[in-house]
Amino acid sequence: MTIRLLIVDDQPMYRAGLSAILGAQPDIDVAGEAGDGEEAVARCRTLHPDVILMDVRMPKMNGIEATRALT
């Protein structure tokens, strides 16, 4: 079974690094990335990830607010 993952962080280099490391795993599909909480909520509606790896501190909407919006 492959896990669809969404990576959410406001640091592009951090997102890219995590995407490269986790995407190399045979059972993980990096479905997408987002740079803030608002973008994460929008991408979840279209990508339907199984797991979201979300930073807590981000501009616009932080990770806690975004998690509340998603649940």
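Modeller: Helices (H or I, at least four residues) and strands (E, at least two) are DSSP runs, numbered from the N terminus. This is a predicted model, in which local features need pLDDT of at least 70 and side-chain atom pairs count only at pLDDT 80 or more, while totals for chains, interfaces and linings use all residues. Residues are numbered from 1 along each chain as its sequence is written, and side-chain values use heavy atoms, with hydrogens and water left out.

Colleague: How many helices and strands does the protein chain have, and which pattern do they follow?

Modeller: The protein chain has three helices and three strands, and along the sequence they follow the pattern β-α-β-α-β-α.

Colleague: Where does arginine 15 lie, and is arginine 15 buried or exposed?

Modeller: Buried means under 20% relative accessible area and exposed over 50%, with partly exposed in between (1.4 Å probe, protein chains only). Arginine 15 lies in helix α1, residues 12-23, and, because its relative accessible area is 14%, arginine 15 is buried. Of the 71 residues of the protein chain, 30% count as buried.

Colleague: Which residues does arginine 15 touch, and which side chain does a polar contact join to that of arginine 15?

Modeller: Contact means heavy atoms within 4.5 Å; leaving aside residues up to four places away in sequence, arginine 15 touches Ile7, Asp9, Asp10, Glu33, Ala34 and Gly35. A polar contact is a pair of N or O atoms within 3.5 Å; within protein, one must be able to donate a hydrogen and the other to accept it, and residues adjacent in sequence count only if both atoms are side-chain atoms. Here the side chains of arginine 15 and glutamate 33 are joined by a polar contact of 3.3 Å.
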